Amino acid sequence: MTTAVPAEDTRTRLLGTALKLFAEHGVEGTSLQMIADALGVTKAAVYYHFKTKAEITEAVAAPAIRELDALVSEAATQRRRGAQVDHLLDGFVDLVVRHRVLVALFSSDPGINRAIENSTRGMEGFKNALIDILAGPHPDISSRVSALVTLTGLAMTGGSPDIAHLDDESLRRELVDVGRRLLGRPRRHWD
């Protein structure tokens, strides 16, 4: 007797498979048929959950985008500027570490960038919200550049295959330490 796989499990597996294929072939290089084949289902089964690859791409990116949006909102509620920066930096690094593969795609794949553009804030909105917190009110060009270098560097490094061998906690510590140095924050003493 066969038991039916719940639709949510299939959808979850589909998104995980799509992310893996996007990482290997890029969004543009991945077809719906490739996703179906890797899942061992028909293309019609993929269409049951998503009508287009763009919908799949947006669904793959959605959890990280929601987390980033919540992080920016939470950081903005901190009373002191230093607390805002620390909250945003720690949360951003956590997000980068938790979503390494997706972050690598954010940094390099136009298909994922289109998915972000279709989100509530869009890429420019997220970037500006992050920079506003890290660089502070009325930042000079040096503060803006420092914030942008920090965010871009942390994301690109966190998603880099060169450090894929690092465990999550080691990567997190390294990224937080570098981010704090780049932003002129006091050194953190790890337990």
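Is Arg-172 buried or exposed, and what is its relative accessible area? In this predicted model, Arg-172 is buried, with a relative accessible area of 16%; buried means under 20% relative accessible area, exposed over 50%, and partly exposed in between, with a 1.4 Å probe and protein chains only. The model is predicted, and local features need pLDDT of at least 70, side-chain atom pairs count only at pLDDT 80 or more, and totals for chains, interfaces and linings use all residues. Residues are numbered from 1 along each chain as its sequence is written, and side-chain values use heavy atoms, with hydrogens and water left out.

The side chain of Arg-172 meets that of Asp-94 in a salt bridge, at 2.4 Å from N to O. A salt bridge is defined as a side-chain nitrogen of Lys or Arg within 4 Å of a carboxyl oxygen of Asp or Glu. This pair links distant parts of the chain, with Arg-172 in helix H10 and Asp-94 in helix H5, 78 residues apart. Helices (H or I, at least four residues) are DSSP runs, numbered from the N terminus. Helix H5 spans residues 81-98. Asp-94 is partly exposed, with a relative accessible area of 26%. Asp-94 also lies 9.4 Å from Leu-175, C-alpha to C-alpha, although 81 residues separate the two in sequence.

The structure holds 7 salt bridges. Another of them is formed by Asp-86 and Arg-180, whose closest N and O atoms are 3.0 Å apart. Asp-86 lies in helix H5 and Arg-180 in helix H10 (residues 168-182), so the pair ties together parts that are 94 residues apart in sequence. Asp-86 is buried at a relative accessible area of 17%, and Arg-180 counts as buried at 6% relative accessibility. Salt bridges that share partners join Asp-86, Arg-180 and Arg-185 into one network.

A further salt bridge is found within a single helix. Lys-20 and Glu-24 form this bridge, with their closest N and O atoms 3.0 Å apart. Both residues lie in helix H1 (residues 7-25), 4 residues apart, or about one turn of the helix. Lys-20 counts as exposed at 53% relative accessibility, whereas Glu-24 is partly exposed, with a relative accessible area of 47%.

The nonpolar interior was examined next. In soluble globular proteins, nonpolar side chains tend to be buried together. The largest nonpolar core of the model has 53 residues; such a core is a set of buried Ala, Val, Leu, Ile, Met, Phe, Trp, Tyr and Cys residues joined through side-chain atoms within 4.5 Å. The residues with the most contacts inside this core are Phe-22, Ile-35, Ile-56, Leu-88, Phe-92 and Ile-112. Helix H4 gives the most to the core, with 10 residues. Leaving aside its neighbours within four places in sequence, Ile-56 is in contact (heavy atoms within 4.5 Å) with residues including Leu-14, Phe-22, Ile-35 and Phe-50.

Helix H4 (residues 53-76) also packs against helix H7 (residues 110-117), at an angle of about 65° and with the axes 9 Å apart. Axes are lines fitted to C-alpha atoms, for helices over the stretch in contact, and angles run from 0 to 180 degrees between N-to-C directions. In this packing, Thr-57, Glu-58, Ala-61 and Ile-65 of H4 meet Gly-111, Ile-112, Ala-115 and Ile-116 of H7.

Methods: Helix = DSSP H or I, 4+ residues; strand = E, 2+ residues; numbered from the N terminus.
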